[in-house]
Amino acid sequence: MNILGIVRNGGESLTATLLRIEQLRAHLESSRVIIATNDNKDNTDDILQDYAAQNAGVDVLFLDSMSDLFDERVERIAVARNAVLEHLLATNPVHPLTLVLDMDGPNTKMEPNQVLNAAARQVPQWDAVFANSLPAYYDLYALRCAGWCEQDPWRELAALKRPRMFRSVWWRRMQRKIIYSRQYSMPPDTPMIEVDSAFGGLGLYKTEALHGATYRPRDETGHVTCEHTTLHLSLRNAGKRLFIDPGLTTLAQTEHMGPGSGKRIPKKLLQ
């Protein structure tokens, strides 16, 4: 299995995630790890250098000065994700499965057995599966699913015409309606949910599906968008099938949640 990650100022979450990665690797016949990082202000560089020195099959890509080259955070993230993906496909070995991780919090409790179970699943036929974050799926920025989240909800929120009075009350109400009310909880035994895009801090791909794919930080109109959505659009256009696997869990980033988050996922989305 190829394990790809990006991180900046990872701190204790990075250390915990690296421990979980090594626990997973202990169950794998063969694996490699590629991590990109840039412009850290904490001890992330030292943590990664020590990790690479102490564990075989680890490559760390230092992409410093990106903050001077790209104003948008999503642009920097896309560059880092492309760097690890390109490094993977340009070097050996390239394993049939590729695990893509965020390393700043969602995977500090990653369970190796959940990843192994997802990797072994044969029905439904899948090309990528994504995590179900607990206690609720928070990552609407990366989510595209008919009847659930069909466009960037943050752009939808920003486009609303603001009232002249009681703006703070109105803003909280709109956040709850457009963002928080769609951050559903999914019990781990929920059936797989087919999507056009998702992430939730973890994605497991058939490596074959990633050949020729690129993370892009802007959509076809030139607007800044989640880099996962553009990658996954290219996969869907190529006929690939993508799912959220509710039994594959990460930790929700609570700073992106709020009042109304955590309602049970509607049955209509499970049909």
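What covers the buried residues of helix H5? The model is a predicted one.

1. Helix H5 spans residues 112-120, and its buried residues are Pro112, Val115 and Ala118. These three cover an arc of only 130° around the axis, which places them on the same side of H5. An α-helix has 3.6 residues a turn, so residues three or four places apart point the same way.

2. The cover over the buried residues of H5 includes helix H1 (11-25) together with strands E4 (97-102), E5 (128-134), E7 (202-206) and E8 (242-251). On the other side of H5, the exposed residues are Asn113, Asn117 and Ala120.

3. The structure as a whole contains 4 aromatic pairs. For phenylalanine 130 and tyrosine 205, the ring centres are 5.7 Å apart and the planes stand at 80°, so this pair is edge-to-face.

4. Tyrosine 137 and tryptophan 148 are each buried. With Tyr184, they form one aromatic cluster.

5. The largest pocket holds about 810 Å³ of space. Its lining comprises 29 residues, and Arg73, Ile77, Asp102, Asp104 and His256 lie nearest the centre. Strands E1 (2-7) and E2 (32-37) and helices H4 (73-90) and H9 (227-237) are the elements that give two or more residues to this lining. Helix H4 supplies the largest share, 6 residues. By class, the lining of the largest pocket has 15 nonpolar, 5 polar and 9 charged residues.

6. In the second largest pocket there is about 330 Å³ of space. This pocket is lined by 16 residues, with Arg144, Asp219, Glu220, Thr225 and Thr229 nearest its centre. Here the largest share of the lining, 5 residues, comes from H9. The lining of the second largest pocket divides into 1 nonpolar, 6 polar and 9 charged residues.

Key: Residues are numbered from 1 along each chain as its sequence is written. This is a predicted model: local features need pLDDT of at least 70, side-chain atom pairs count only at pLDDT 80 or more; totals for chains, interfaces and linings use all residues. Side-chain values use heavy atoms; hydrogens and water are left out. On a 1 Å grid over the protein atoms alone, a cavity is a set of points where a 1.4 Å probe fits but cannot get out, and a pocket is an open set with protein on both sides within 12 Å along at least five of seven lines; lining residues have an atom within 4 Å of a point. Grid points are joined across faces, edges and corners, and a volume is the space filled by probe spheres set on the points. Helices (H or I, at least four residues) and strands (E, at least two) are DSSP runs, numbered from the N terminus. Ala, Val, Leu, Ile, Met, Phe, Trp, Tyr, Cys and Pro count as nonpolar, Asp, Glu, Lys and Arg as charged, and the others, Gly among them, as polar. Buried means under 20% relative accessible area, exposed over 50%, partly exposed in between (1.4 Å probe, protein chains only). The arc is that of the directions from the helix axis to the C-beta atoms. Contact means heavy atoms within 4.5 Å. Rings of Phe, Tyr and Trp (its six-membered ring) pair if their centres lie within 6.5 Å; planes under 30 degrees apart count as stacked, over 60 as edge-to-face and the rest as tilted.
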